[in-house]
Amino acid sequence: MPELPEVETVRRGLAPVMESFTFVRVLLNRPNLRFPFGDDFIDRVQGQKLVRLSRRAKFMIAELGSGDRLFMHLGMSGRFTIDRDFRPGEFANDHSTNVKHDHVIFEMSSGHRVTYNDPRRFGFMELIKPGAPSRLDNLGPEPMSNQLSAPVLRASLKGKKNKIKTALLDQRIIAGLGNIYVCEALYRARISPKRAAGRLTVAETETLTGHIKNVIRDAIEAGGSSLKDFANTDGNLGYFQHRFDVYDREDEPCKVCDAPIHRIVQTGRSTFYCKACQG
Ligand SMILES: [Zn+2]
């Protein structure tokens, strides 16, 4: 499942062919993804200039000349491909092996076709009118931004009796932090995922804040390297392979102390940690 760094990588891949260009043609292959597109989707996007392509948490946000914002969420399996060599108005995608999951096509004035493919259809696209309330309204600070600091995190966690692992997944506390990077940050900070969120010390909160920023930054940098290769390959903005220090490494040796990595389930999600290092 794409997390914040993957979404940021996709945004950086799409920006050069979409940002400041116009949607020449919009094609929908079906009426809905996770949610319906709405009857006016094509009318509101086609012919509009994409003024800015930004990201908030795991949402890409295309700001349109009309003032509408187009939210794009990749869900579990959403991906974009970019190609230049295409027949206008047609879905068929030469390099895609599963054309039937190509749900949306944007033909841009840059001369590129941008295709959204999503076999599981947990992703969605949603148009928000200027000034209208949206899913972004209650999100906490971006992990990489100055809005997230140790004092801010400490204030957010104050009095919280749930586990720190669970608290960090709360999007009102930090926006866009998902299961993988919460496990990685706690491991780097050597803090047990089972600790009560409100009981972290000042020093622990500082260490944790630093590692949250580091794991996200490292993953975005890894994604950036993958984009360099992408330019020379098939135009598929897929997900790069990460090597995680603790996530998905059950029973493998801890990279610090060699003890086996444990997996437990917290609020329905797998947590990976080292009992010795994060005791
Ligand atoms: Zn260890």
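Trainee: Which residues does leucine 14 touch, not counting residues up to four places away in sequence?
Mentor: Leucine 14 touches Leu53, Phe80, Val114 and Leu237. Keep in mind that this is a predicted model.

Trainee: OK. Which residues have the most contacts inside the largest nonpolar core?
Mentor: Leu14 is one of them, along with Tyr181, Cys183, Ala185, Leu186 and Val246. That core has 61 residues.

Trainee: And which helix gives the most to this core?
Mentor: Helix H5, residues 179-189, with eight residues. The core also draws on both domains, taking at least three residues from each of domain 1 (4-128) and domain 2 (150-273).

Trainee: How far apart are the centres of domain 1 and domain 2?
Mentor: They are separated by 29 Å, taken over C-alpha atoms.

Trainee: Back to H5. Is the helix mostly covered or mostly open?
Mentor: Mostly covered, with 10 of its 11 residues buried.

Trainee: What happens just after H5?
Mentor: Arginine 190 takes a positive phi there, about 60°.

Trainee: Let's switch to H1. How many residues does it have, and how far does it reach?
Mentor: H1 covers residues 4-18, which makes 15 residues. From its first C-alpha to its last it reaches 20 Å, close to the 21 Å expected at 1.5 Å a residue.

Trainee: How many of the H1 residues are buried?
Mentor: 12 of the 15, and that makes H1 mostly covered. Among the buried ones are Leu4, Val7, Val10, Leu14, Val17 and Met18, and the list also includes Glu6, Glu8 and Arg11.

Trainee: I see a glycine in the helix. Why does glycine 13 count as buried?
Mentor: Glycine 13 is found in H1. It counts as buried because 24 other C-beta atoms lie within 10 Å, and the cut-off for buried is 20 or more.

Trainee: What separates the C-alpha atoms of glycine 13 and aspartate 245?
Mentor: 26 Å, and the two are 232 residues apart along the chain.

Trainee: Where is serine 20, and what is its phi?
Mentor: Serine 20 sits in the loop between H1 and strand E1 (23-28). Its phi is near 70°, a positive value in a residue other than glycine.

Trainee: Why does serine 20 count as partly exposed?
Mentor: Because it has 13 C-beta neighbours inside 10 Å, and exposed would need 12 or fewer.

Trainee: What about aspartate 251, then: buried or exposed?
Mentor: Aspartate 251 is exposed, with 8 other C-beta atoms within 10 Å. It has a positive phi of about 70° although it is not a glycine, and it lies in the loop between strand E9 (236-237) and strand E10 (262-266).

Trainee: New topic, strands. Which strands does E4 pair with?
Mentor: Strand E4, residues 69-73, pairs with strand E3 (residues 59-64) in the antiparallel sense over five bridges. Five bridges also join E4 to strand E8 (residues 124-128), again antiparallel.

Trainee: Which residues stand opposite each other?
Mentor: Isoleucine 61 has phenylalanine 71 in E4 as its bridge partner, and leucine 70 stands opposite leucine 127 in E8.

Trainee: What is in the turn between E3 and E4?
Mentor: The two strands form a hairpin with four residues between them. Glycine 67 in that turn has a positive phi of about 100°.

Trainee: Last one, H3. Which of its residues are buried?
Mentor: In H3, residues 150-157, they are Leu153, Ser156 and Leu157. Seen down the axis of H3, these buried residues fall within an arc of 90°, so they line one face of the helix.

Trainee: Which exposed residues does the face turned away from the buried side carry?
Mentor: Pro151 and Ala155. Just after H3, glycine 159 takes a positive phi of about 75°.

Methods: Residues are numbered from 1 along each chain as its sequence is written. This is a predicted model: local features need pLDDT of at least 70, side-chain atom pairs count only at pLDDT 80 or more; totals for chains, interfaces and linings use all residues. The arc is that of the directions from the helix axis to the C-beta atoms. The expected span of a helix is 1.5 Å times one less than its number of residues. A nonpolar core is a set of buried Ala, Val, Leu, Ile, Met, Phe, Trp, Tyr and Cys residues joined through C-beta atoms within 7 Å. Domain bounds come from an automatic or database domain assignment. Two residues are in contact if their C-beta atoms, placed from the backbone, lie within 7 Å. Two strands pair if DSSP finds at least two bridges between them.
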